[in-house]
Each structure stands twice: as structure tokens, then as C-alpha cells.
Protein chains: 2
Amino acid sequence: MLEKSNILKYKHLGIHTQNEYVVYMREDCHVCISEGFEALTRIRVSNLKTSTVASLHMITSEVLLQGEIGLSDTAAEKLRVTGGETLYVSHLEPIDSLSHVRAKIYNQKLDYSAFSEIITDIVEGDYSNIHLSAFITACAGDRMDIDEISDLTKAMIASGKQLDWKKEIVVDKHCIGGLPGNRTTPIVVAIVAAYGLTMPKTSSRAITSPAGTADTMEVLTDVTLSAEKIREVVEMEGGCIVWGGSAQLSPADDILIKVEKALDIDSEGQLIASVLSKKAAAGSTHVVIDIPVGETAKVRTPKMARQLKEHMETVGEAVGLKVKVVITDGTQPVGKGIGPTLEAIDVLSVLKNEENAPNDLKERAVLLAGEILELSEKVESGKGSTTARQLLKSGNAYEKFLAICKAQGRFSQPVLAPYTVEIKAEKSGALKRIDNRKIAKLAKLSGAPQSKSAGILLNVHLNDEIEKGQLLYTLYAESQGELNYALEYYENHYDIISIE
Amino acid sequence: MLEKSNILKYKHLGIHTQNEYVVYMREDCHVCISEGFEALTRIRVSNLKTSTVASLHMITSEVLLQGEIGLSDTAAEKLRVTGGETLYVSHLEPIDSLSHVRAKIYNQKLDYSAFSEIITDIVEGDYSNIHLSAFITACAGDRMDIDEISDLTKAMIASGKQLDWKKEIVVDKHCIGGLPGNRTTPIVVAIVAAYGLTMPKTSSRAITSPAGTADTMEVLTDVTLSAEKIREVVEMEGGCIVWGGSAQLSPADDILIKVEKALDIDSEGQLIASVLSKKAAAGSTHVVIDIPVGETAKVRTPKMARQLKEHMETVGEAVGLKVKVVITDGTQPVGKGIGPTLEAIDVLSVLKNEENAPNDLKERAVLLAGEILELSEKVESGKGSTTARQLLKSGNAYEKFLAICKAQGRFSQPVLAPYTVEIKAEKSGALKRIDNRKIAKLAKLSGAPQSKSAGILLNVHLNDEIEKGQLLYTLYAESQGELNYALEYYENHYDIISIE
């Protein structure tokens, strides 16, 4: 079935196209003519060893000569070509799993095998952004029931590597975000590992927030570790705090999360599948999940939190995890810093027992570490918090944290961003409200999380009595442009912090 | 707010990126660093006159030098740059209408102003494929009620040009596809215009079928006409048969339809909005809609057809159109040809009253033309078909058709594709079933509609008594590769035509 016109020579163009694989072909080539370019065409590109699906972009200049073909950098990487190799192009056979996506769009219930086919094709790179977005949207807005969420979670676990720590108890934690600055994880891992439990923590990068745990930890140490390296770190120190994506744990999650970010949505089903698939694939057995509740947190009402708690625990059981959900206060940011570097500074400050360390961050970390110690049944019920507090106060947790960072590759001191503006109170009164979403937006506009040292250093808390002219917070940015952009948003939104 | 690093010189790269605008920047440029490349980043690119939103692709070679910026061909066209011009890049301000898309994902009802904001931003090019797909999916599967469909339709009408023919009665027709070869439109327009009514017909290209009316007409004449040119043709001949997209009527529809095609879905709400917005924007007042019903047609059951009829007529009234829906037989393909050229041959054959002209196509055209004549109240109820038949038989309709083609720019004779295979019956028996979807797929795999002369020439009908070895149909393709691809599908699907 191969025609001469479908055999082409690879030329390296050096174009990195976000997440979708792209193939570049001349407008006068056979494929551009026969497949029809305007139809959002996708084709299969192969060498003798492997193949990939790619979206067709058409070259209308002499960037490619007759008989040449180009690939986006990641597609070339997948096919392991660098220049001069022979490639074959062919029609894209229908992607069968898309019939399940269409069924879901029409409100039909999917089973494990349907989710499994979808997730396998997603990991293979066969879905375009259009297909990924349709899948995410069709599953969002409470359109998956608990069986479907369980089946999706199982399919996501099976899609990548699965770690086995050869331990009876492997603990983990997760926080359902939405609370800027709530960076308890590094402290909790340090306490729990210092106690002697195994806690191999894999974290996501930010989806819609100014920093994820992986972003924050990357300020202090390496977080992009192979599965083998993670095993070394955990065997040596009992814990780690790494980025989950690099370990190929639930790789479908990493693909879906980028599209969810572009859509700026987190649906309950995808959220549960995302969190629990990462946990199960990472080999965890006992997991504590923190759901902060507040008007402007990700979970807004106690009712929603209770439903999420119930679903999380049910799906956990279905995939073989012991899950305990803790519902916490989510009415204001935690700690002082918002943004990777500023949050890393808070974390170190708590671990070092510094006098001005943020007390709210410390108390949350102690609570969660205590819950984990109790869930593991190694510490008697009711004594978790006390044990955690002692490990923190003694310096054992800090020592353990430094050891983990070094085992992961380095320990670096955080460095603040060079461009700053102080935002001061324009009137006196009581601090009545901090809008988590708007302050997170402000931190994102200043550059976080991509600009690691960008963000906000918060100087006040709910119910503080504020004097006119008092420093409310400092904006940090890595360039004047980003700082200006954040300031523009500040000037148009007077209700980020409300004083009455 | 403009930094030096955001001012760049445009270099023409010659890359045509399907429908999404793309901006190319070096990996070491300010924007790639500060916006974060992995986040499916979109930025704004401006010159002094206008601006556009584009997805960022990163150049990792010397294709661009320091200080240079590239654009995909259509984005360059929008900004009217050819090379050497100064461009400015800036952060993308949040796209406010996406909050309505998110609300719809979460099952909230949208009103006219929400749809209007969404459609305006879509036409402006501000939505990525991810956003378009989410909007389509969130509105699919019966998730819009009748008010929402009306409001979406109105928003789509308002998004483009609206023609006013200064006539009391302007008639139109539309067929809810799914029936291969059902190319009545050119015949109906010819009959109705020959009668003296005004029928400015704008048609879509194929969404998921092997040919749309615009694809078929393009074989015979020009269909990409400006609004001004369409007016000329209609004033001269009383009718036209053109592609709707080029006339900027309901331009949002043309963008949405490509993404729907990639998803291979047609949802009821989008379908109604698509059809009626085109009709209303084209200045029609009286519209006949043909819904073929059959197991493998687009509308599968009489119940679905009756619901669609009711919704179509209700939405029609809401947007000021007099709509009559005719439910017809959709159990098998119509005519002999499937594919643009082969269907064009059928159309000419009926118009020329040729002896072997497909009778089913002729009877359908006469029925629909009769319904239009009666809906207009120019012809007495019950006498529409007879009048239509006379206009066809007399040659008046053919004469009118040739005049319309010439007014649109040319009349070309259709030319058959060079590569053919005859498919013969493997046993004797009665022809029990023709799978519309599978035979359409076969025609598509042979190259239709992009390869205009590709497709299928069908030699048999339902309930025919077939002899073993009798010719069932001929496959036509423009290349051996496409023919082989269709044959591969044929060999794996013995139930395209069932003989028992």
C-alpha cells in the first residue's frame, strides 16, 4: 500500500509545538492534496521501528524541499530521528476509542474497558487537543457516577508504571488546592519520614494555581527524577517529594491536566481520578486527603466537601487504597508566601522553628502529619499531633528534610525576585475578607509559577485591625513587564482584600 | 507597558497551520521564558492597526534569529504583514466569555448575552481548538433547551453579515444530511427560480459526509462568492447555489463545523443553530427542511425526527422564519453517485430529463420544490408537485440551472476519476440493506469530498433481486493509494450491502 509519494526524508526544523505532535509537509505533496488540509487532518508517520500520529501543518515556502518532511521536536524525539532518515506517511486509521468519547458526550455510561481504551490512546498521543478537550468536558460537571470515576481511576493507574515498595504500609497525603500558600506537604513528609514511615510523595505542578508542591520544591531541590532514582531516595531516607510526571506514574494525568488548565476547570470526577491514580501508581496504601473549604477556595461549601469526601473514600476503596479525608478551614491563604520561592521560604522557616515562622502553616502540617501517623496505626489514636509536634520541635524533621533534598540531587537556598511593589492599606478598619481566587490570580499575573521567585508576600490575616498605610502585601516579579501586568490587575480589583 | 523585548521583526516562514493561529518565537525570547511554554500558552500579537491571539510554538533552531518573530500564514494575513514589519507581543488578557463556557460545562443555562459574547470571541479567533471543542461538547447531547438554541441561533446570525433582498418572500431549503447522494438542492433551486421565486441558496461543505452541496456544485461552477457577487447573481437569475462560508454569513458556524467534524458529532442544538442561522443571515423568510429518517441515516427514528421537527419550527419562529419540516424516507442512498463529481452527474442527468436519470432523486426534488412553492403561498395547496414537475419536464429548470452556473462564474462538465474498481455480488439473493454510514465511509476513504471525483457509483437499490457476479457499485479514486485504502475497508466490512 505504500506509494513512492508517501516515502519522505526527514529534515529537522526545530519547532517545539506545545503538547500536540505536528508533521510538516509541502503544500504540493500527495498527502496535503489527498487528505484535504482544511479538515484538521491528522496522519500517521512511521519509520521501520515505530510510528506516531501527528497534526498536519502545511509548508508554503522553501523551508522544505520536494521529498522532505518535518516534525515537531517532541514527535521527532518519539520517532528518534534527527535528520536524513526515511519516514513513511499514511492515512490515519479511525481511532476506535473516540466512539466511547462520543457515547459519553451523549450521556451514556462508560465502563472500565471503554476508559481503558481511551486512556491507552491518550498516552499513545493519538488524541488531538480537540479530542482531549471533548473527553474532559464530557466527563466534567458531575457527568460521571462513582463507578465511572473508579473505572477511570483504574484505567489511569494501568496506563503507566506502578511502583511497589515491598512495604506493608506506604503513606501519602494530598490537598485539594485552591488555598494559596498552603504548602504543608514538604513539612509533613519531613515529619512522617523522620518518624520512620515510608512516604514516597509525588506531586503535580500547578494546574490553575500560582504554585504546586512540585513547583515549590524545585526551588529547593531537583524534582524531575526517574522511577529508579526515586526508589534510591526513598530507600535511603524513607521519603521523597518529587514531580509525579517524570516518573511515568499515571502519564495520562499529565496530558489531561494541561488541557484542564487551558480550560481552567477541575471537575470532581477528573480530580478524584487524577489524585488517586497518582497515589495508587506510586504504591501508596494509606492516604490522608485535605479538603480546605471556603467561599473562595476550590471547594466552596461544607456540603460539596462532604460529597467529595464520600466519593474520594469510596473510589479509594474500589482501587485498594485506605483513604481518610480531613475537611479544613479554607477561608484565607496559608502562610505568608504565594508563589514557589516565597512558599519555599515559609516551609524552611517552619522546619527551622524560626520565631516568625507562619503559625497557621505549622499547625496545618502538624495536624495532617498527625492524621497520617494515626491512619498508619503506628501511633495511637489521639496522639498523632503530639508526636508530629515533637518531631518538628526537636529539629529531626528539618534534618530529615535536608537529607531528602540532598538525596534528590541538591539543596539550594531560595532567592527572592528583583522587582517588587509594596501594597498598602488605603483606609483603616478590620480585615474582613481575602479573595483566594483573586489573590492567586494576582500572583499568577506577576509570573508564578513559571517565574519561580514571582508572587506575593502576605503581611496580614483575616480579622486583623488595619491602619491606613499599613503594608498589606508585597508583589514580587522577575521582570518589570510582569510586575506592571499584576499592578494593572490590582488597580482594577479593589476587592482582593476587603477592609471595613 | 511595552518592553523592548516585546518588539520583534516579522519574518515570513510559510507555515499554514490548519485553523488555529500560531506565533513562532525563539526559545530564548522573553515571552517563552516568562509565559511558560508548557502551559499551552496563547499570546496577543499586534501591529499599530490591529491584533490577533495566537498559540505559541517555540523555535529551537536558527529558523528565526534574535529579535525575529514568525506567524502562521492565516495569522499573517489577518495582520496584513508579509516580512520586515514590526510586531508587538503581549500577555493575553483573560477571555471573559470562557466563564460562560465553564458555566455551561457545569450544566448552567446560558442566555443571549452569554452566547453573544462567546460567538463574538470565536469569530474574532480568540478561542483555541481546546476552547472550541469544550464549547461544542458542553452544548451537545441535549444539554441546550429550546431557549438556549434560539439564543445561540440569534447570536450566530448577528456574528456576521446579514443579507436583505428587499423582497417579501425569499425561500430556502435544507436537508438534515446522513443520506449519501441526496443532492436535491441544485434541482430544487433550478425549479423554484424557474418559477420566479427568489431562492438565494447558501450551502455548507461536508461535515462528516462524502459531499456537501457546496462540494458538489464546485464541480460545476464557482461557489466561493462575495456577498456582492451573490447579490448580482440572485438579482439576475432569482437564485444561486453558493458556499455559505465565503459570504461571511454566520461565520461562527464555519469555525465550529470544522471542530465538530474532527469530533465526528452533530448535536441537535448546534445543528438547528447552524442551519437556521445560515438561513436567517442569508435573508430567507420561508424555509422547507427535509429530514430523512432511517436506521443508518443521521436521524434514526421517527420519534427523533418529530422532536427535531418541533424544535426546528419553534426556533424558526423565535428567529423570525416560517419553517416547514418534511420527514422523508432515509433507508438508502439517493441517486447513483456518492461523492461531489458523481453526484453532479446525477443532478445534470435529472435536469436534462435523461432516460436513465435516477428516479428517486428526481421525485425527491419535485416533492421539495412543490413544498416550497406551496409554503410561499404563490401556488395553491396540493398543486406544488405538479407545477414543479412541469418546470422540470419542460427544460425550463435546466435552462435556469445553466444560467445560474454561468452567472456564478462558469459551467464545467464533470470528469470522472481515473482509478476504479468494480464491486460485484458474491452471492445471489434479495438486497435487504444498504448501510448509509458504511457506504459513506467507503466513499470518504476513497477520497471524497477532498478528491472531488472520488466516490461511489451505486448500481442497485433496496429489494432488488441480485445475481451472483452482478455489479453492485464502482469505486472511484484519484490515486491508487486512496483506492487501496477504500478497498481495505471494503474487505473488512462485508455488511456495507447485505444480500440474503
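**Where the chains meet**

Let me start with one residue pair: A:Ile15 has B:Ile59, in strand E5 of chain B, as its bridge partner. Before I go on, please keep in mind that this is a predicted model. The strands behind that pair are E2 of chain A and E5 of chain B, residues 51-59, which run antiparallel and are joined by two bridges. For anyone who wants the background, strands of a sheet pair through backbone hydrogen bonds, either parallel or antiparallel.

Now the wider contact. How many residues does each chain put into it? Chain A brings 65 residues and chain B brings 66 residues. The size of an interface is often given as the accessible area lost when the parts come together. Here the area buried between chain A and chain B is about 5700 Å², and carbon and sulfur atoms account for 58% of that. Between chain A and chain B the count of residue pairs in polar contact is 24, with both residues at pLDDT 80 or more. The count of salt bridges between the two chains is zero.

Which parts of chain A face chain B? Several elements each supply at least two residues, among them strand E2 (15-16), strand E5 (51-59), helix H5 (129-139) and helix H18 (480-492) of chain A. H5(A) gives the most, with seven residues. By type, the side of chain A that touches chain B divides into 24 nonpolar, 26 polar and 15 charged residues.

**Inside chain B**

Next, strand pairing within chain B. Strand E7 of chain B, residues 86-90, pairs antiparallel with strand E1 (residues 7-10) over three bridges. E7(B) also pairs antiparallel with strand E4 of chain B, residues 42-46, over three bridges. B:Tyr88 in E7(B) stands opposite B:Ile7, and B:Ser46 also stands opposite B:Tyr88.

There is also an open sheet of three strands in chain B, in the order E8-E11-E12, with parallel pairing. Its edge strands are E8 (171-175) and E12 (322-329) of chain B, and each pairs on one side only. From one strand to the next, the twist averages 20 degrees. Strand E11 of chain B, residues 286-293, pairs with E12(B) in the parallel sense over eight bridges. One of the residue pairs there is B:Val293 with its bridge partner B:Asp329 in E12(B).

Finally, helix H12 of chain B, residues 302-318, lies across E11 and E12 of chain B. H12(B) runs at about 165 degrees to E12(B).

How values were computed:
Residues are numbered from 1 along each chain as its sequence is written. Chains are lettered from A and ligands numbered from 1 in the order in which they are written. This is a predicted model: local features need pLDDT of at least 70, side-chain atom pairs count only at pLDDT 80 or more; totals for chains, interfaces and linings use all residues. Side-chain values use heavy atoms; hydrogens and water are left out. Two strands pair if DSSP finds at least two bridges between them. Helices (H or I, at least four residues) and strands (E, at least two) are DSSP runs, numbered from the N terminus. Axes are lines fitted to C-alpha atoms, for helices over the stretch in contact, and angles run from 0 to 180 degrees between N-to-C directions. Contact means heavy atoms within 4.5 Å. Buried area is the accessible area (1.4 Å probe) that two parts lose on being put together, summed over both. A salt bridge is a side-chain nitrogen of Lys or Arg within 4 Å of a carboxyl oxygen of Asp or Glu. A polar contact is a pair of N or O atoms within 3.5 Å; within protein, one must be able to donate a hydrogen and the other to accept it, and residues adjacent in sequence count only if both atoms are side-chain atoms. Ala, Val, Leu, Ile, Met, Phe, Trp, Tyr, Cys and Pro count as nonpolar, Asp, Glu, Lys and Arg as charged, and the others, Gly among them, as polar.
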